Amino acid sequence: MLLNYLSVRNKYYLNGFDWVMGVIDLIMRKTTCAGNASQVVFMLDTPPDETAFRAALQRFLALFPVIGGSVSRHYTLTPYWKMPKGNAAPTVPLTVTRLDDAAGPDGLLAAVTYSVNTPFGNAHEHLVFHLVYGRNEQCLAMTFDHRLFDARGAESFMNLFQEFLAGGEDSRIAENVRLTQGFDLRPWKPKFLAGQAVNRKMIALSRETMRSLPINLGGKPGFRYRIVSFSREEAEGIYTRAYAEAGYLMIMPYLFARVFQTLHGVFERRGVPHGAYVVPVSTDLRQAKDIREELFFNQNSMFFFQVQPGDVPDLKRLIGVIKEQMYEQVQSKFPHNLMAASSLTRIVPLPVLRRIFNLPLQGKIASFCFSHVSKCSYTSHDLMGCRIVNVFHTPRMPVPPGIGIFFNSFDGRLNATISWLDGTFTDAEVAAIESELRCGL
Amino acid sequence: MTVQEIESKLIQVISSITNQDPAAITPDKPFPDLGIDSLGFVEILVFIEKNFKLQLISTPLNKQDFETVHSLASFISREL
């Protein structure tokens, strides 16, 4: 207990899921052009003042030296986030891009695609801001290291920035941010029992061949994106159809089923050999009333869905399979077990864990990824005095599979981001996916 | 068990799912306004099976029966 108490006073020990994010980061740095990063993009109605933004950002970021930290190991071998010496203010780059007429209609998306595919400068850089000024539209993007934030944490961090801009006192803004966390090594028995349950699930998933698309990792490719945005009215229509097809509030199973059907079409047209689909879906495990207590690092876990290709074409049947598996995993507390079990992996060095990761599923981690952030944690409609038109994410999906669909909503709007490692889909396939999502939802 | 007693049990579980004070959860507030999404809703359904022995995930989950704590408590009361 004494050891735990001492550690809690001055260190943030990473949880198992942080360590998993670290492995994915290593895999992605080895195989693609950058690590396990993501980006949240705020589309603005007017161009923000660059000088004012730069000054405000610098003041705000100085409140969070944690941003300039790095992963280290305690003598117990538990990994922790090492704060910078003297809690120095982090150095966070801000890039400014001004698009000319030659950039074309997709110039802004190309600019944010380039920024999320650019690796961080060094081991202490985990955040980069980008201002992109187009001819008719502009945005602020924040590229973040997934070892520092999960998607909701990143949105909440920007929300905190807005509170700061709105006149929040410096000392109060960072007041409840939790920057210490214990070893979480004990009690060990529930963790082993959780590990047993997770192991059983993974073995069950690996019994059948997994359907996956080939990935070409030659030349360390980057990610590409297509954003499918739905207006408030369109989103309302989608929710109404979701309630009718899947039941009240069953938006996630409905969206997931429709995505399944869309991607199934690609797999079928490619003639991918038979087997079952395996899809991880992230879920938020936050417990605190104040998001600031769980702002940094990863507070997520996963569901794993296994679906037979024969169940995909019939929407009712597919929704039933998804709901049943979701129910079973909530009932058995699978996401919590996975989080508890993953804490046992922290003793393993990342390069070794990278190899272990590949064992149960022979290097095929999933068929594709799916995510649905139901409510945006950024609550304001303004940023730096500019009205926010939309907020979407451009995540670099784990590789493999290097493909995924990420849903988020903002102010009643719904966005689907199609994310794929360059070369995994053809342009015609992406156009078909976009069209099916737009018409099929 | 009365509808009020069921409501009280549901409010407790919603309070733990959404990290809200139980006093802030009124029986007539729609679930989305309480911050309940698909996952939270499934957690409520798991709670209902455990406490009331009703498995509802494979039922149509009609909006009128599942919109608020009150409508859900009334539905459970009828089914018991």
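A: Let us begin with a term: helices and strands here are DSSP runs, a strand having at least two residues, and they are numbered from the N terminus. In this predicted model, A:Trp420 is found in strand β15 of chain A, which covers residues 413–421.

Q: Let us step back to chain A as a whole. How many helices and strands does it have?

A: The secondary structure of chain A comes to 13 helices and 15 strands. Its C-alpha atoms fill a box of roughly 60 × 60 × 45 Å along the principal axes.

Q: What does the radius of gyration of chain A agree with?

A: It agrees with the value for a compact globule: with 441 residues, such a globule would have a radius of gyration near 22 Å, and chain A has 21 Å.

Q: What share of the contacts in chain A comes from residues 24 or more positions apart?

A: Among contacts with a separation of 6 or more, such residues account for 77%.

Q: Now a helix. Which residues of α4 in chain A are buried?

A: Helix α4 of chain A spans residues 107–116, and its buried residues are A:Leu108, A:Leu109, A:Ala111, A:Val112, A:Ser115 and A:Val116.

Q: Where do the buried residues of α4(A) fall, seen down its axis?

A: They fall within an arc of 160°, so they line one face of the helix. As a general rule, an α-helix has 3.6 residues a turn, so residues three or four places apart point the same way.

Q: What do the buried residues of α4(A) pack against?

A: They pack against five strands of chain A, namely β2 (37–44), β5 (94–98), β6 (127–133), β7 (138–145) and β8 (223–230).

Q: How about helix against helix? At what angle do α2 and α12 of chain A pack?

A: Helix α2 (residues 16–31) and helix α12 (residues 350–357) of chain A pack at about 85°, with their axes 9 Å apart. That angle makes α2(A) roughly perpendicular to α12(A).

Q: Which residues meet there, in α2(A) and α12(A)?

A: From α2(A) come A:Gly22, A:Val23, A:Leu26 and A:Ile27, and they meet A:Leu350, A:Pro351, A:Leu353, A:Arg354 and A:Phe357 in α12(A). By class, the residues of this contact of α2(A) with α12(A) are 7 nonpolar, 1 polar and 1 charged.

Q: What about α2(A) and α11(A), at what angle do they cross?

A: The axes of α2(A) and helix α11 (residues 334–342) of chain A cross at roughly 75° and come within 7 Å. Here too the angle makes α2(A) roughly perpendicular to α11(A). A:Gly16, A:Phe17, A:Trp19 and A:Val20 of α2(A) make the contact with A:Met339, A:Ala341 and A:Ser342 of α11(A). This contact of α2(A) with α11(A) has 5 nonpolar residues, 2 polar and no charged.

Q: Changing topic, where is the cis peptide bond of A:Val399?

A: It joins A:Val399 to A:Pro400, with omega about -15°. The bond from A:Pro400 to A:Pro401 is also cis, with omega near 10°. A:Pro400 is found in the loop between β13 (386–393) and β14 (403–410) of chain A, and A:Pro401 is placed in the loop between β13 and β14 as well. In general, most peptide bonds are trans.

Q: And chain B: how many residues of each chain does its contact with chain A take?

A: The contact takes 21 residues from chain A and 19 residues from chain B. On the side of chain A that touches chain B, α9 (251–270) and α10 (315–331) are the elements that give two or more residues. The most come from α10(A), with 7 residues. That side of chain A has 11 nonpolar, 6 polar and 4 charged residues.

Note on methods:
Residues are numbered from 1 along each chain as its sequence is written. Chains are lettered from A and ligands numbered from 1 in the order in which they are written. This is a predicted model: local features need pLDDT of at least 70, side-chain atom pairs count only at pLDDT 80 or more; totals for chains, interfaces and linings use all residues. Axes are lines fitted to C-alpha atoms, for helices over the stretch in contact, and angles run from 0 to 180 degrees between N-to-C directions. Helices (H or I, at least four residues) and strands (E, at least two) are DSSP runs, numbered from the N terminus. Angles under 35 degrees count as roughly parallel, over 145 as roughly antiparallel, 65 to 115 as roughly perpendicular and the rest as oblique. Two residues are in contact if their C-beta atoms, placed from the backbone, lie within 7 Å. Ala, Val, Leu, Ile, Met, Phe, Trp, Tyr, Cys and Pro count as nonpolar, Asp, Glu, Lys and Arg as charged, and the others, Gly among them, as polar. The radius of gyration is taken over C-alpha atoms; the globule rule is 2.2 Å times the number of residues to the power 0.38. A residue is buried if 20 or more other C-beta atoms lie within 10 Å of its own, exposed if 12 or fewer, and partly exposed in between; C-beta atoms are placed from the backbone. The arc is that of the directions from the helix axis to the C-beta atoms.
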